[in-house]
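These are my notebook entries on one protein chain. I record below what I looked up, entry by entry.

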Amino acid sequence: MSPPTIVFDSSECNQLAETRDFSLARNTFLPQEKPCKQLSDKYYEPWETIAAQLRTLIENREMRDAINRLSILSTDGLSTEPEWRRAYVMLAYMTHAYIWAGDNPEEVLPPQITIPFQAVSAHVELPPVLTYTAASLWNFSCSGEDFSEPEDLSTLFTFTETESESWFLLISVAMEAKASGIIQTIVGATEAIKTRNYNVISDKLQDIKSFIKSAGMLLERMYEKCDPMIFYHRVRPFLAGSKNMGAAGLPRGVFYDEGEGKGQWRQLQGGSNGQSCLIQLLDVVLGIEHNSNCATDQKSFHHEARDYMPGPHRRFLLHIAEACNIRELAMLPEGEVASAEHQRLRSSYLAAADQLCEFRSIHIQIVTRYIILPSKKPLKGESRRNLASPVSYGMENAANDAMIGTGGTRLISFLKETRDETFNAKKLDERVSQ
């Protein structure tokens, strides 16, 4: 069943935008218009040429030579935000192709990529790596104006030119577009919190639940055109970052060489759906706290992933986190607010949280089918070593939890803990552990 249509009305978002630019659009966190397909200045043809030939250069083992022959291009010719975004996507894909295209990962990124990529990344407020934004949000085209149907979408760049890779990325694009109107819903709920209008909040929670259900249905369509073996052995290795990838050959991460003896080592997450502002927004609205012990430092993965979101979106997330406390309202003791409206609010909250638990269970099933099971066997006819697989570096008997996600976490335990933390939020008689 499709969720109720929610017409996007920018007026409510404009109330927030009066003091902040959150770069929100009718397609939520996707661009307002389709991403541009060509940088206008012919000066950037060397980038366009390499980005258009990724698969060929990778298969012929010519990727690194092609990039090493590049001149260091200035970013002065990028004239519009869509062009800055396209440059970011191209340089991100070239970066990961350069690092992961050989039999062993390359730990030094040359100045030809480092210098412009760092400049572009600073402009778009993202780290210089292949983020979820680069792989999905800014990496698609559409045959029409509705971005919510994956059959109408196509990718601008891929490493393999396979249907499996495109479909994997486009499911996320469609999911983001399916959330059209969710910002209006959440802003409306936030406004209703101020007046404790429980009926309005309950209505908004029902809309949120309907969206989560539709997102889960889209995620289950991954099976239609994405082959698990192709994804795991040919696509996933290129999505990996440089964080926690010591066993794969990057113990120090990647050195971003700026030339003349300058540069720095970076350990960065690779592209991960955990970097979706939309998914984290649902957690924020429902008051779900994630303090995963799977993170390798004091910052949980979920909070660290916010550094991999575009700056305006990250700031919107923080704004809503400060303004929205639906769970706190739902937790009010019955003696304090004994009303049918409050009981409806509690029920609506629990239903939305339960739907998010179901979404995360679907995600675990997807990971099992697309990562855990394919990791047990080689892909017939594949000659390249899968650098993202434990088997590739002498861990043939590794447990499932030895699998490292592209975001740098221990994959299965992280996802299960995330789901459990979502489930725990339904315990309205106790606080979420801080």
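**Entry 1: the whole chain.** I looked up burial and found that 57% of the 434 residues of the protein chain count as buried, where buried means under 20% relative accessible area, exposed over 50% and partly exposed in between (1.4 Å probe, protein chains only). I noted that this is a predicted model, in which local features need pLDDT of at least 70, side-chain atom pairs count only at pLDDT 80 or more, and totals for chains, interfaces and linings use all residues. Residues are numbered from 1 along each chain as its sequence is written, and side-chain values use heavy atoms, with hydrogens and water left out. The protein chain holds 18 helices and five strands; these are DSSP runs (helices H or I, at least four residues; strands E, at least two), numbered from the N terminus. I then turned to contacts (heavy atoms within 4.5 Å). Among those between residues at least 6 apart in sequence, 79% join residues at least 24 apart.

**Entry 2: histidine 96.** I located histidine 96 in helix 5 (residues 81-100). Is histidine 96 buried or exposed? Its relative accessibility is 1%, so histidine 96 counts as buried.

**Entry 3: helix 6.** I checked helix 6 (residues 111-124), whose 14 residues reach 20 Å from first C-alpha to last, close to the 20 Å expected at 1.5 Å a residue. The expected span is 1.5 Å times one less than the number of residues. Just after helix 6, glutamate 125 takes a positive phi of about 60 degrees.

**Entry 4: helix 15 and its partners.** I compared axes, which are lines fitted to C-alpha atoms, for helices over the stretch in contact, with angles from 0 to 180 degrees between N-to-C directions. Helix 9 (residues 182-195) and helix 15 (residues 311-323) pack at about 30 degrees, with axes 10 Å apart. They are therefore roughly parallel (under 35 degrees; over 145 is roughly antiparallel, 65 to 115 roughly perpendicular, the rest oblique). Ile183, Ile186, Thr190 and Ile193 in helix 9 meet Phe316, Ile320 and Ala323 in helix 15.

I also found helix 13 (residues 277-285) packed with helix 15 at about 10 degrees, with axes 9 Å apart. Helix 13 and helix 15 are therefore roughly parallel to each other. Among the residues in this contact are Leu281 and Val284 of helix 13 and Phe316 and Ile320 of helix 15.
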